[in-house]
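User: I'd like to go through this structure and check what stands behind each label. Could you set the values against the cut-offs as we go?

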Amino acid sequence: MWCVPKIDEPFVERMKDVLELYARPHDPSEPVVALDERPVVLHDNARPDRPMRPGKPRRIDYEYVRRGTANIFCIVEPKTGRRLTHATEDRTRPSFALAAERIARAYPRACRIHR
């Protein structure tokens, strides 16, 4: 569960740094990229849907079968709206490294990438 730490002076200073970074004007040589990750549960239908018929809507059962988990890396450049979001099978260091590599490949001419 995500929670806010104690809001003390060091926290406020770090928050100001982040807000100042996001307020910077767009500069292709130094893009500002936000990266977040989210684990998700994969579901499948327990029974097949019933197709629509005249006078009857399509019917979908509420029961599901769990089919494992995945991780979504949400990568966004806020100033341009560019997205590099992708899914991985797990939430491991190599998966995170792949996300960082994907960011680096997306900005080959950047002198510095702020994240």
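This is a predicted model: local features need pLDDT of at least 70, side-chain atom pairs count only at pLDDT 80 or more; totals for chains, interfaces and linings use all residues.

User: Where does A87 lie, and what does A87 touch?

Analyst: A87 lies in strand β4. Strands are DSSP runs of E with at least two residues, helices are runs of H or I with at least four, and both are numbered from the N terminus. Leaving out residues up to four places away in sequence, A87 touches N71 and I72; contact here means heavy atoms within 4.5 Å. A87 and E37 are 50 residues apart along the chain, with 9.3 Å between their C-alpha atoms.

User: What makes N71 buried or exposed?

Analyst: N71 has a relative accessible area of 1%, so it is buried. N71 sits in strand β2. Residues up to four places away in sequence aside, its contacts include E37, H86, T88 and D90.

User: How do you know what joins the side chains of N71 and E37?

Analyst: By distance: the two side chains make a polar contact of 3.3 Å. The term covers a pair of N or O atoms within 3.5 Å; within protein, one must be able to donate a hydrogen and the other to accept it, and residues adjacent in sequence count only if both atoms are side-chain atoms.

User: Which residues make up the largest nonpolar core, and what makes a set of residues a core?

Analyst: The largest one has 8 residues: V33, F73, I75, L84, A99, I103, A106 and Y107. β2 (64-77) and α2 (93-106) each supply at least two of its residues, and α2 gives the largest share, 3 residues. A nonpolar core is a set of buried Ala, Val, Leu, Ile, Met, Phe, Trp, Tyr and Cys residues joined through side-chain atoms within 4.5 Å. As for I103, if you set aside its neighbours within four places in sequence, it is in contact with V33, I75, L84, I113 and R115.

User: How do you know which side of α2 is buried?

Analyst: Start with the buried residues of α2, which are S95, A99, I103 and A106. They cover an arc of only 90° around the axis, so they lie on the same side of α2; the arc is that of the directions from the helix axis to the C-beta atoms. Those buried residues pack against β1 (34-45), β2, β3 (82-83) and β4 (86-88). On the other side of α2, R93, P94 and R105 are exposed.

User: Why does the length of α1 agree with that of a helix?

Analyst: Helix α1 (residues 9-23) has 15 residues, which should span 21 Å at 1.5 Å a residue, and its end C-alpha atoms are 21 Å apart, so the two agree. The expected span is 1.5 Å times one less than the number of residues.

User: What makes Y62 exposed or buried?

Analyst: Its relative accessible area is 73%, so Y62 is exposed. Y62 is found in the loop between β1 and β2.

Note on methods:
Residues are numbered from 1 along each chain as its sequence is written. Side-chain values use heavy atoms; hydrogens and water are left out. Buried means under 20% relative accessible area, exposed over 50%, partly exposed in between (1.4 Å probe, protein chains only).
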